[in-house]
Amino acid sequence: MNAKLEEIDGKYVATLVGELDTAAAVEVEEILKPLYTSDGKDVVIDCTDLEYIASSGLRILISILKGAKATGSQVVMRGVNDDIKNVFKLTGFISIFEFE
């Protein structure tokens, strides 16, 4: 699993590559922790190369969404493949995230 966080054009962009499973979640959470308080900046989570997400990964995304909404920011999921989008549907999270 590889994760990186950048600031591009006044937005936070988090890029997730590989499998966000329970073993990778601790490291990914540490990298993405600044997004828990996004300081009013919108957040883009690029999932173009994300192959798998476990419940621990979903928990991280929910925490990011809560923190962003608290500061008036928007969170957009980008490049989510059909398998991962199906996980969002099965968990009911499809309606609380915005996808592009």
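The model is predicted: local features need pLDDT of at least 70, side-chain atom pairs count only at pLDDT 80 or more, and totals for chains, interfaces and linings use all residues. Residues are numbered from 1 along each chain as its sequence is written, and side-chain values use heavy atoms, without hydrogens or water.

Helices (H or I, at least four residues) and strands (E, at least two) are DSSP runs, numbered from the N terminus. Five strands form an open sheet in the order E1-E2-E3-E4-E5, with mixed pairing (two strands pair if DSSP finds at least two bridges between them). Its edge strands, E1 (2–8) and E5 (98–99), each pair on one side only. Strands E2 (residues 11–20) and E3 (residues 43–53) are parallel and share eight bridges.

Helix H2 (residues 55–70) contains Ser56. H2 lies across E2, E3 and strand E4 (75–78). After H2 comes Gly72, with a positive phi near 80°.

Other buried residues of H2 include Leu58, Ile60 and Leu61. Their cover includes E2, H1, E3, E4 and helix H3 (82–91). Ser56 itself touches Asp21, Thr22 and Ala25, not counting residues up to four places away in sequence (contact means heavy atoms within 4.5 Å).

Conventions
Axes are lines fitted to C-alpha atoms, for helices over the stretch in contact, and angles run from 0 to 180 degrees between N-to-C directions. Buried means under 20% relative accessible area, exposed over 50%, partly exposed in between (1.4 Å probe, protein chains only).
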